[in-house]
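Welcome, and please open the structure in your viewer. We will walk through it one selection at a time.

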Amino acid sequence: MSSSELPDPPPSPNPPPSSSDPSTAACSSSSNCGLMTGVLTILVVASMVALAANSVRSTNAIDLGRDYFPKLPEVSTSKGNGEPTPLPVVTGTDPGDQIPVEPDDGIQRISFDDARDNFNSAEDEFGATGESIYLFIDARSRDLYEESHIPGAAWLYHYESDQLIDDLRPELEMAFFVIVYCNGGDCDDSLHLAADLSSLYGIPTENIYVYEGGLNQWVENQMPVISGSERR
Amino acid sequence: MVIESLRKLDVTGVPLLLARVIVGFTFLYYGAEKIGDPVPFLKSLKGYEVLPLHPSWIINSLAVIVPWVEVLCAAALLSGIQLRSAALLTTAMLALFTPMVLKLGLSLVGTEAGFESLCDVVADCGCGSGKIPICPKLATNCGLLVLSLWALRSRSKVFRGGLGT
């Protein structure tokens with residue numbers, strides 16, 4: 001089926017406008033003028049309603065000026081004197097247990113093994129002292145967080161992070177290892193949140209790591225998850 | 001012969017009514033879902049890789065405005081007010097987004113276990129319905145495109161709705 005198989009639109013009852021009339025020169029007929037005027041009307045009304053509604057909604061509003069898909073500034077790999085510095089590393093349970101990361105795009109990534117080791121360290125520290133230098137951050141929506149998350153992970157939805165960051169800032173500034181995750185797979189909210197944590201919220205870039213395997217890989221490896229709004 | 005049959009069918013107004021109801025309620029649903037949570041649509045717009053990410057207000061504004069365009073088109077189709085203009089807009093949106101959904105589906109073939117062919121791919125196209133099989137989505141879009149075109153080109157005088165002028 002194509003448009004050419006359908007009947008022609010009804011003929012206009014009015015004569016076509018004179019091409020010398022600048023106000024109607026853009027319309028080939030009054031029928032087309034009406035059609036395009038209607039299109040413009042719908043677009044203008046929709047835009048006005050959309051922007052007004054977006055500006056007054058308390059949740060799920062889009063900040064029109066915000067870059068939701070930022071890239072992390074490159075981690076410097078050289079000192080001021082030109083001498084290269086060691087690549088950033090994640091420390092596991094043992095301070096000497098160094099885990100290499102990938103600094104090529106400025107984002108430090110950790111594998112499942114690293115994430116598991118850091119999780120175990122965090123749980124041990126929390127059990128012993130009630131606090132930890134490891135902080136897991138869940139960048140997913142509230143519904144997904146409450147459905148299941150890594151025990152101890154704080155909720156910081158990337159698209160509402162500007163409203164949530166203040167409550168978490170003390171912990172983020174205290175943590176030496178901020179490990180951000182989302183679902184994994186094609187989810188890249190953890191990467192964007194990691195970039196924002198550094199560039200927008202002033203968390204040291206060298207403290208931020210992304211667990212790209214995400215919750216899906218975590219669950220596949222039979223690691224513990226909990227549901228609900230509580231962290232633990 | 002075919003055109004004559006279509007013309008006779010169109011005069012009954014039934015195809016127009018079906019087009020208005022089906023496309024109208026579909027766009028109402030899609031638009032309302034996106035308005036409720038615009039973030040998945042914003043992410044899908046980014047995932048299609050056809051819009052510039054900078055300046056960011058372009059993609060952000062589209063994520064806010066397009067769902068309302070869908071809802072207003074749905075209202076126009078269902079009421080019959082500005083029927084042809086709404087049909088032109090739904091036709092344009094479907095003609096624009098359907099190839100993008102196809103491109104998204106093709107880009108995911110072979111990227112995961114089980115995504116052996118296009119019809120195996122399950123993805124969130126940002127259409128307001130979450131992760132869905134791509135092939136049925138494409139078929140649905142093609143059907144909606146035909147119905148939108150019908151509403152745009154129909155000369156039936158019955159079931160046009162509107163204000164009765």
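**Start with chain B**

Select chain B and colour it by secondary structure: it has six helices and two strands. Here helices (H or I, at least four residues) and strands (E, at least two) are DSSP runs, numbered from the N terminus. This is a predicted model, in which local features need pLDDT of at least 70 and side-chain atom pairs count only at pLDDT 80 or more, while totals for chains, interfaces and linings use all residues. Residues are numbered from 1 along each chain as its sequence is written, and chains are lettered from A and ligands numbered from 1 in the order in which they are written.

Follow chain B from its N terminus and you will pass α-α-α-α-α-β-β-α. Its C-alpha atoms fill a box of roughly 50 × 35 × 20 Å, taken along the principal axes.

**Where the chains meet**

Now show both chains. How many residues of chain B are in contact with chain A? There are 34, and they touch 30 residues of chain A; a contact means that two C-beta atoms, placed from the backbone, lie within 7 Å. On the chain B side, α1 (2-11), α3 (39-48), α4, α5 and α6 (134-153) each supply at least two residues. The largest share, 12 residues, comes from α4(B). By class, this side of chain B has 22 nonpolar, five polar and seven charged residues (Ala, Val, Leu, Ile, Met, Phe, Trp, Tyr, Cys and Pro count as nonpolar, Asp, Glu, Lys and Arg as charged, and the others, Gly among them, as polar).

**A helix of chain A**

Next, select residues 30-56 of chain A, which form helix α1. Its buried residues are Gly38(A), Ile42(A), Ala46(A), Ala50(A) and Asn54(A). These pack against α4 (56-79) and α5 (83-108) of chain B.

**The sheet of chain A**

Finally, look for the open sheet of chain A, where five strands lie in the order β3-β7-β6-β4-β5 with parallel pairing. Two strands pair if DSSP finds at least two bridges between them. At the edges are β3 (109-110) and β5 (154-155) of chain A, each pairing on one side only. Zoom in on β6 (residues 177-181) and β7 (residues 208-211) of chain A: three bridges join these parallel strands.

Definitions and conventions
Expected span 1.5 Å × (residues − 1). Buried ≥ 20, exposed ≤ 12 C-beta atoms within 10 Å, placed from the backbone.
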